[in-house]
There are 2 protein chains.
Amino acid sequence: MTAARSRVGSPLGLHRVLAPAGVLPQAAWQLDNGPALWPDEVRVAVDRLNLDAASFRQLREAHHLDPATMRSAVLDIVATRGKMQNPVTGSGGMLTGVVAEVGPDSPLGLRVGDRIATLVSLSLTPLAITDGLARWDGRSEQVPCDGHAILFGRSIATRLPEDLPAELALAVLDVCGAPALTRRVVSQRPADPVVAIIGAAGKSGSLSAAAAREAGAKRVIGVVPHEAEARLLGSGSPGLVDEIVIADARDPVAVSGAITAAGGPADVTVVCVDVPGCEGGAILATAQGGTVIFFSMATSFTAAALGAEGVAADVTMLVGNGYVPGHAELALDLIRAQPAVRGIFLRRIQETSADTAVGGGARSGK
Amino acid sequence: MTAARSRVGSPLGLHRVLAPAGVLPQAAWQLDNGPALWPDEVRVAVDRLNLDAASFRQLREAHHLDPATMRSAVLDIVATRGKMQNPVTGSGGMLTGVVAEVGPDSPLGLRVGDRIATLVSLSLTPLAITDGLARWDGRSEQVPCDGHAILFGRSIATRLPEDLPAELALAVLDVCGAPALTRRVVSQRPADPVVAIIGAAGKSGSLSAAAAREAGAKRVIGVVPHEAEARLLGSGSPGLVDEIVIADARDPVAVSGAITAAGGPADVTVVCVDVPGCEGGAILATAQGGTVIFFSMATSFTAAALGAEGVAADVTMLVGNGYVPGHAELALDLIRAQPAVRGIFLRRIQETSADTAVGGGARSGK
């Protein structure tokens with residue numbers, strides 16, 4: 001039990017930044033992860049970390065999945081930095097746990113005992129681990145553990161739904177920004193648009209396809225890299241997309257040609273594959289006056305900016321902001337209502353230890 | 001004199017890609033820079049290259065401004081790649097010249113004898129140099145030379161205006177995407193917005209400030225890094241901005257605090273400084289529901305995406321597309337009508353050999 005501190009904190013958590021001075025918690029090298037709360041903070045008793053895909057892949061490659069060295073690598077990072085931010089990838093992940101204490105000025109609306117998931121990245125969340133990760137075998141992104149984490153006034157967290165398995169809910173919440181922004185962009189178009197989803201059989205891709213449909217897309221075209229993904233995407237009923245096309249997202253001529261042949265060009269193109277080099281194809285597949293939403297963390301800013309300029313493409317290009325108000329609820333509602341999307345998620349969860357980069361996860365960078 | 005080739009080319013210039021196969025000309029390692037035209041191409045007799053700032057800085061640092069090695073470095077790149085794309089920075093620049101031959105199917109509307117500047121990057125433009133760069137002293141981004149360049153069906157070029165010095169016109173055209181996109185975003189807001197320009201005393205920044213004003217901004221706040229830039233920005237009359245604030249764009253708390261104190265938060269924030277680490281400040285300075293336009297080539301996609309998510313910022317983030325229809329004309333009209341902007345440009349041109357990164361050029365990445 002800790003008493004609320006008397007100092008007034010910053011809703012951004014600036015008061016927790018130890019080094020370097022003056023930066024935001026995400027950019028900080030080290031955070032204060034002490035359990036005592038500032039008045040607007042919340043402390044969570046952590047039960048599970050969900051390392052982001054890029055971070056887990058880096059750790060796996062560096063430590064060959066050896067349980068002891070995987071554990072000590074994660075413990076070292078958290079002990080040194082006061083947060084689980086992989087110093088190589090810069091990324092973090094999410095966590096689940098139970099609210100242990102709520103500061104008197106917290107605006108988050110949480111109560112002691114709530115089971116929650118964080119929707120802000122571990123890369124900015126003060127964290128301490130107390131069980132030496134004894135329950136983690138080092139082979140999965142999902143890391144059972146004991147410890148505590150701190151939420152700031154402006155952090156985002158959501159109560160875990162009781163009607164969905166925790167593993168499914170976590171996987172959905174991890175990518176919930178994508179369908180929310182897709183819905184907003186599609187519904188703001190003056191006429192019902194043609195929407196292309198590159199990586200439509202992945203987690204963020206399938207949710208975005210469902211969101212585009214709900215928001216009034218006239219036609220949804222799903223791009224996948226090979227036959228197996230096409231079967232996965234086409235397996236549900238009713239169909240998640242109107243057309244399935246197989247193309248390498250890194251081949252601009254192939255992908256734009258395939259989308260055009262399937263009823264494009266697209267008015268809205270959503271990039272959900274987590275491999276570099278997809279900017280040109282997405283731009284070429286999009287009609288003049290259209291919009292490209294880049295969700296993939298492998299997106300290159302300069303490749304997008306110069307790529308559009310280089311082909312005189314008058315397209316609006318959006319950085320896929322992972323936060324849109326109501327994003328968690330929207331994504332959970334989609335997974336409840338759409339058996340095809342749910343099927344894809346259950347399949348992806350089974351594949352946890354496989355590398356699902358192409359057509360897979362996107363947004364592996366929380 | 002060369003005859004048009006009989007094969008049908010691609011408006012994107014795919015037929016000029018020698019290696020690797022299947023990529024767009026910008027992503028290619030090597031282009032065919034032969035002078036014979038495909039039917040929709042245009043050949044330009046080049047008289048000047050304008051190396052982009054990032055490329056020139058890299059060459060200068062590698063070769064210490066030694067004229068002979070600077071010359072041989074550029075000649076080597078062009079001879080090897082068939083285009084002037086710096087292999088370290090990936091960027092190119094622009095060129096000026098006179099139209100020498102127009103293919104029968106060219107859609108660009110150019111005539112033999114037109115003096116033009118290209119508005120697509122040198123990084124995708126087939127180029128040959130024939131004079132050994134004998135007239136270049138290696139000390140300036142502007143490289144006088146003889147040679148030829150090829151424009152594709154979908155390239156963009158503009159006639160150089162006769163009422164402006166060529167050096168001024170080139171500098172304006174180099175950044176003309178920024179004011180055009182700023183104008184579009186400002187004029188699409190439902191109510192007249194507050195606009196913050198980060199790097200307002202630079203080339204793209206000053207043009208964007210003028211464009212924001214013309215498009216109906218209620219208030220334009222210019223952010224500059226120090227007193228000298230503040231004096232430059234405030235020197236014109238009528239004032240280019242309503243408020244000038246001095247803040248380090250890389251310090252998110254300082255820059256957002258300063259903008260808020262000057263009448264913010266901004267509904268539209270335009271990032272025009274070419275240094276890394278400006279994403280967080282721009283996001284924090286922007287009101288919920290607002291828009292951030294990233295023009296700086298130093299923008300990190302992941303820093304923007306995770307930065308907004310990390311502070312629950314519901315802001316639209318745009319990749320600054322360098323192409324907007326009518327962008328060249330708009331920018332030239334602004335420089336004609338706005339003495340304050342013209343004054344800033346003339347000052348920047350005098351500083352050519354100085355490093356004007358902070359608050360300076362932005363968009364140093366054509």
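This is a predicted model: local features need pLDDT of at least 70, side-chain atom pairs count only at pLDDT 80 or more; totals for chains, interfaces and linings use all residues.
**View 1. The open six-stranded sheet of chain A.** In chain A, six strands form an open sheet in the order β6-β7-β3-β4-β5-β8, and their pairing is antiparallel. From one strand to the next, the twist averages 35°. Within this sheet, strand β4 (residues 93–102) of chain A pairs with strand β5 (residues 115–118) of chain A in the antiparallel sense over three bridges, and Thr96(A) has Ala117(A) in β5(A) as its bridge partner. Helix α2 (residues 67–81) of chain A packs on the sheet, where it touches β3 (42–51) and β6 of chain A, and the direction of the helix makes about 135° with that of β6(A).

**View 2. The open six-stranded sheet of chain B.** The sheet shown for chain B is open, has six strands in the order β6-β7-β3-β4-β5-β8, and is paired in the antiparallel sense. Its edge strands, β6 (127–129) and β8 (157–159) of chain B, each pair on one side only, and the twist averages 35° from one strand to the next. Three bridges link strand β4 (residues 93–102) of chain B to strand β5 (residues 115–118) of chain B in an antiparallel pairing, with Gly97(B) standing opposite Ile116(B) in β5(B). Packed on the sheet is helix α2 (residues 67–81) of chain B, which touches β3 (42–51) and β6 of chain B and whose direction makes about 135° with that of β6(B).

**View 3. A parallel strand pair and its crossover in chain A.** Strand β13 (residues 286–294) of chain A and strand β14 (residues 316–319) of chain A are paired in the parallel sense over four bridges; at one position in this pairing, Thr291(A) has Thr316(A) in β14(A) as its bridge partner. Between the two strands the chain passes from β13(A) through helix α9 (residues 301–310) of chain A to β14(A), and this β-α-β crossover is right-handed.

**View 4. The interface of chain A and chain B.** Contact between the chains involves 48 residues of chain A and 49 residues of chain B. The area buried between chain A and chain B is about 4100 Å², with carbon and sulfur atoms giving 63% of it. On the side of chain A, the residues that lose the most area to chain B are Phe301(A), Glu309(A) and Val319(A), which together account for 20% of what that side buries. Two salt bridges are found across the interface, and Asp314(A) forms a salt bridge with Arg184(B) in which the closest N and O atoms are 3.0 Å apart.

View 5. In chain A, the peptide bond from Gly264(A) to Pro265(A) is cis, with omega near 5°, and Pro265(A) lies in the loop between α7 and β12 (266–271) of chain A. In chain B, a cis peptide bond joins Ala19(B) and Pro20(B), with omega about -10°; Pro20(B) belongs to the loop between β1 (17–19) and β2 (30–31) of chain B. Leu133(B), although not a glycine, has a positive phi of about 60°, and Leu133(B) is found in the loop between β6 and β7 (142–151) of chain B.

Key
Residues are numbered from 1 along each chain as its sequence is written. Chains are lettered from A and ligands numbered from 1 in the order in which they are written. Side-chain values use heavy atoms; hydrogens and water are left out. Two strands pair if DSSP finds at least two bridges between them. Axes are lines fitted to C-alpha atoms, for helices over the stretch in contact, and angles run from 0 to 180 degrees between N-to-C directions. Contact means heavy atoms within 4.5 Å. A crossover is right-handed if, with the strands pointing away from the viewer, the path from the first strand over the helix to the second runs clockwise. Buried area is the accessible area (1.4 Å probe) that two parts lose on being put together, summed over both. A salt bridge is a side-chain nitrogen of Lys or Arg within 4 Å of a carboxyl oxygen of Asp or Glu.
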